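Me: Could you take a close look at one part of this model for me? I'd like to hear about the place where two chains meet.

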Amino acid sequence: MGLLASCPGAGGLFLRQRFYPRLFAACGRKVIFGRHVVIKNPAAIRIGQGVVLSDRCVLDAGSRGRISLGEGVFIGVGSELRAHDGHVAVDDGANVGSFCVLTASHALRVGRHVLLAAFCRMGEEGSGDIDVGDGSWLGVRVKVGAGVRIGQDAIVGAHAMVADDLPARAIAVGSPAKVIRHRS
Amino acid sequence: MGHVETGGIQKELVGSGQGALGKYRTVVVGRAGMGAFLFFEIVTGLLGALPGGVGAVLRRVAYRPLFRSMGPEVRISRNVVFRRPGAIALAAGVTLRDGVVLDAKAESSEIHVGADAELGAGTILSCNGERMDIGEGVSVGASCRLGCLKGLEVGRGTRLGDCVCISGAGHAYDRLDVPIILQSLTCKGKTTIGQNVRVGDEATVLDGVTIGDGAVVAPRSLVNRDVPPGARVQGVPAEPAADAAG
């Protein structure tokens, strides 16, 4: 993996697409592995078809963790998924922006078609499952605390810190995040 | 396995249409011919990761034909990524540190980096439409993300800290039956940051905002409306600082 990781250009993308999949517990077709992607414990990582892993992103399943990426998931430049002892799941069609950090000591699920803007952070402190409901949009630099469940199709404003559960279709802003209205 | 509708970036990269190589070629050199594409691949492939002064000098010489224009004394560090360099202009003395990404994504995109400007390691300039103009002597910190859909201008002498985000666009969310990621992008207009502005680490500037000359944005602030010249703002959303002189 070391030599292939830095192979430049179309050739590098082709070689990694061809040869990386065998390292993983499961890996779909047409996965794009950017340059300098860091992968730890690939045997505990499942990757769906058509996933895009941008340059310099990190998939770290630790020694006892697991990572699952659904179909068509996009992981932005420099983002880190760290499953220390837990399970990081990013479901089908979700888009994780650049420079995000997702840490799971238990279960962390990013739902289907979720949109995480750049610099989002989840699970860095404390313990407890985190769930971001399908179709939600978390703005730039949102921080989601441990144990939080965000309902489906919710919107969290940029720079908010979510410390409590949010209902489905809620729009929440601030630190700590408070619901200001619901989508309709 | 069923088909999953994907939005945004995924659609561009993985959607059906051109073959994989054709899509890659469009992303990295745009409409340029096969000769230009091969030159791009060979030159950046061989020289992109070369370390030290030797690498920088070789890149300065060999990369020049790729760009719309490149002035003298441009310093390109290792693993700098260019997409559609024919739409990118680098003025004299520009410094691009390790891993910087300059992506002139859309056909209408242009990126202009002014004389002696410096972009910190890992910083991403992603222009999804119109022109991104980084002024003379501007200093942008590390791991920043500057986006634009309707133009971005950063005035002369302005300094952006580390991990700053200029978002450039938002997302429509009026429909409830379609996930937000599949709805259109929104943009209130050009983002304009004046001259000699200071934007602190981890601050965010939303689309359509104008920040006047000499203003100061405190670290970790969220700027969602215009900031007058000379003002000091802080917080989420950014408000005039309590100790502002006025």
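This is a predicted model: local features need pLDDT of at least 70, side-chain atom pairs count only at pLDDT 80 or more; totals for chains, interfaces and linings use all residues.

How much area is buried between chain B and chain A, and what percentage of that area do carbon and sulfur atoms give?

Reply: The area buried between chain B and chain A comes to about 3200 Å², with carbon and sulfur atoms giving 67% of that. As for which parts of chain B do the touching, helix H1 (8-14), helix H2 (20-29), helix H3 (34-47), strand E3 (81-83) and strand E16 (170-171) each bring at least two residues to the side facing chain A. H1(B) gives the most, with four residues. Sorted by class, that side of chain B has 24 nonpolar, 13 polar and eight charged residues.

In terms of contacts, 45 residues of chain B are in contact with 41 residues of chain A. Despite the charged residues on the chain B side, the count of salt bridges between chain B and chain A is zero. Polar contacts do turn up, though: 13 residue pairs between the two chains, both partners at pLDDT 80 or more.

One of the pairs is Asp85(A) with Arg64(A), whose side chains meet at 3.0 Å, N to O. Asp85(A) sits in the loop between strands E9 (80-83) and E10 (87-90) of chain A, and Arg64(A) in the loop between strands E6 (58-60) and E7 (66-69) of chain A, so this pair ties together parts 21 residues apart in sequence.

Back on chain B, Met34(B), Leu38(B), Ile42(B) and Leu46(B) make up a nonpolar surface patch with about 400 Å² of accessible area together. Of these, Ile42(B) lies in helix H3 of chain B.

Terms used:
Residues are numbered from 1 along each chain as its sequence is written. Chains are lettered from A and ligands numbered from 1 in the order in which they are written. Side-chain values use heavy atoms; hydrogens and water are left out. Contact means heavy atoms within 4.5 Å. Buried area is the accessible area (1.4 Å probe) that two parts lose on being put together, summed over both. A salt bridge is a side-chain nitrogen of Lys or Arg within 4 Å of a carboxyl oxygen of Asp or Glu. A polar contact is a pair of N or O atoms within 3.5 Å; within protein, one must be able to donate a hydrogen and the other to accept it, and residues adjacent in sequence count only if both atoms are side-chain atoms. Ala, Val, Leu, Ile, Met, Phe, Trp, Tyr, Cys and Pro count as nonpolar, Asp, Glu, Lys and Arg as charged, and the others, Gly among them, as polar. Patches are made of residues with over 30% relative accessible area and no salt bridge: like charges are joined within 9 Å, nonpolar side chains (Val, Leu, Ile, Met, Phe, Trp, Tyr) within 5 Å. Accessible areas come from the Shrake-Rupley method with a 1.4 Å probe; for residues, only the protein chains shown count as cover.
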